[in-house]
Amino acid sequence: MSERLEHPVSPVYNSESKILILGTFPSVKSREGKFFYHHPQNRFWKVISAVFNEEVPKTIVEKKELLLRNKIALWDVIQSCEIEGSSDNSIKNVIPNDISLILGKADIQKIYANGSVAYALYKKYIYEKTGREIIRLPSTSPANASYSLERLIEIWSCIRDY
C-alpha cells in the first residue's frame with residue numbers, strides 16, 4: 001500500500017557548491033534517519049569517499065562536511081509523492097523539488113542523477129524549468145547489484161572534475 005509522503009530532509013549545499021547530485025526520494029531508512037543514503041547497504045558514502053580519497057563519514061555532520069568540502073550539493077528530485085516502502089518503481093503522483101533554490105545560490109557546473117529513476121524523474125518534472133542537462137550515473141542503491149563497489153567508484157570518479 002502506498003502512502004503520500006513529504007521529503008523530510010533539507011538539501012545540502014552552500015555558495016561554493018559546483019556539482020549537484022540528485023536522488024529520487026529518501027528510502028524508509030533515510031526517512032527514519034532524517035538524512036540522505038542512511039541505509040547501511042547503500043554505497044553512496046563509500047563511493048563519494050573513495051572518489052575524493054577521504055574517510056567514510058559516520059555522522060550526519062561528517063557527511064555534510066564531506067559534501068561541502070568537495071563542492072557537492074545533494075538533494076532529491078521529489079518533494080512529495082506516493083511510494084510503497086523504499087521502492088523507486090512504486091513512485092507516483094510526484095511533486096518535484098524546486099532546485100532553483102540551489103541553482104540561484106551556488107555556481108552549479110554539472111547536475112548528476114544517482115540512478116536511472118532520478119534521471120527520468122528529473123527529465124520529466126524539472127528539466128523544462130531549468131533547461132539544465134543532467135548526467136545519469138549508476139545508482140548506489142543495494143538494489144543495483146549488477147555494479148560492484150569498484151565499478152561504481154570508477155564511473156562516479158567523473159564528478160571529481162568539478
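User: Hi! What should I know before I start?
Analyst: Residues are numbered from 1 along each chain as its sequence is written. Because the model is predicted, local features need pLDDT of at least 70 and side-chain atom pairs count only at pLDDT 80 or more, while totals for chains, interfaces and linings use all residues; side-chain values use heavy atoms, without hydrogens and water.

User: Thanks! How many aromatic pairs does the structure hold?
Analyst: There are five aromatic pairs. Rings of Phe, Tyr and Trp (its six-membered ring) pair if their centres lie within 6.5 Å; planes under 30 degrees apart are stacked, over 60 edge-to-face, and the rest tilted.

User: Why is the pair of F44 and W45 edge-to-face?
Analyst: Their planes stand at 90°, so the pair is edge-to-face, with the ring centres 4.9 Å apart.

User: And F44 with W156?
Analyst: That pair is edge-to-face too, because the planes are at 85°; the centres are 5.9 Å apart. F44 is in helix α2 (residues 44-51) and W156 in helix α7 (residues 149-156), so the pair ties together parts 112 residues apart in sequence. Helices here are DSSP runs (H or I, at least four residues), numbered from the N terminus.

User: Is F44 buried or exposed?
Analyst: F44 is buried, at 0% relative accessible area. Buried means under 20%, exposed over 50%, and partly exposed in between (1.4 Å probe, protein chains only).

User: New topic: which residue lies over the face of Y127?
Analyst: K123 does, at 4.3 Å from the ring centre. A charge sits over a ring if NZ of Lys or CZ of Arg is within 6 Å of the ring centre and within 35 degrees of the ring normal.

Methods. Helix = DSSP H or I, 4+ residues; strand = E, 2+ residues; numbered from the N terminus.
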